[in-house]
Amino acid sequence: MNLPANFVFSAKNLQSYADCPRRFQLRYVEGWQPPTMTAPEAQDELAYERRLRQGAMLHQLAKFSQEGIPHDLLKAAIRDDNVARWFAELLSSGLNDLPEKRLPEKRLQTSIDGQRLMAQVDLLAFEPGGDLVVVDWKTGSYVPDRESLRQRWQTIVYLYVAAKAGSRLYGAPLPAERVRLEYVYLARGGQRIRFTYSPAQMRDDEALLSGLMSEIQSASDFPLTPECRHCRFCAFRVHCERGEAVSLSDVDFDDLDEVADIELDFEQIGEYAF
Ligand code: SF4
């Protein structure tokens, strides 16, 4: 199977393939833009899209705050109560314990067996000679158990790519033990789940990544997943004839690979830094 010429493996597309090969094919090989959730009620569709935009807006605010835009200006631009709560939690969640050098919305890239692999991380905090920390903001209210989270491709890709590509930022060889990943659940009081790293774990992760990337490259068939639980939140559910939409309260918004444009009120932020 030929992947698109500019294809880059990522946590999202690997997880998409692992959950459902057909979803990967539709989204990343054939380039279908995800339709809306196709909920039975138009009202639910609007609520779903609003929720996606809320998550995107929070991530944009987090980026601006790390870039030094005054928090008061950012807060004044927020028009949504959920986003306001999450952002307040983010500001009070104590990033003080992270290394001082901060790079928000940082894309890191490496390769395995000649295939590109990237991680687009919410925040990278590091100190040459010290730790390198990847921070991922979560806005969903569901917190998976630790083992499930460790096995997710996001965890595997973020830690592996940070450990391998981070040395360029670090300015020296980066020991795997210096790398860690922190998930921060803003809708759960800023609860953090931390994963440290090691050379042995890095070797295991490389073997897993290499295996899945090879499998995808040689795949000629993309079957529908037999696990219908993955269809419940899938944007292609109608196309695949996999049933009705579920209640929005059941959707794990941290687990979706859809993106939404954000709408901050730039008038309120004013001309600062733009
Ligand atoms: S609806 Fe189900 S089978 Fe179809 S692409 Fe989505 S997850 Fe796969």
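Predicted model: local features only at pLDDT ≥ 70, side-chain atom pairs only at ≥ 80, totals over all residues.
Two residues count as in contact here if their C-beta atoms, placed from the backbone, lie within 7 Å.

Let's start with α2. This helix spans residues 21-29. Seven of its nine residues are buried, so the rest of the structure largely encloses α2. Which residues of α2 are buried? They are Arg22, Arg23, Phe24, Gln25, Leu26, Arg27 and Tyr28. Look at the names: Arg22, Arg23 and Arg27 are on that list, along with Phe24 and Leu26. What covers them? Part of the cover comes from α1, residues 11-19. After α2 comes Gly31, with a positive phi near 75°.

Now to the strands. Take β4, residues 132-138. Seven of its seven residues are buried. Both faces are covered. On one side sit Leu132, Val134, Asp136 and Lys138. On the other sit Val133, Val135 and Trp137.

Who are the partners of β4? One is β3, residues 115-126. β3 and β4 run antiparallel, paired over four bridges. They make a hairpin, with five residues between the strands. In that turn, Gly129 has a positive phi of about 90°.

Another partner is β5, residues 179-185. Here the pairing is parallel, over seven bridges.

Finally, find Val134 in β4. Leu124 stands opposite Val134. Leu181 in β5 also stands opposite Val134. And Val134 itself is buried.

How values were computed: Residues numbered from 1 in each chain as written. Buried ≥ 20, exposed ≤ 12 C-beta atoms within 10 Å, placed from the backbone. Helix = DSSP H or I, 4+ residues; strand = E, 2+ residues; numbered from the N terminus. Pairing = 2+ DSSP bridges.
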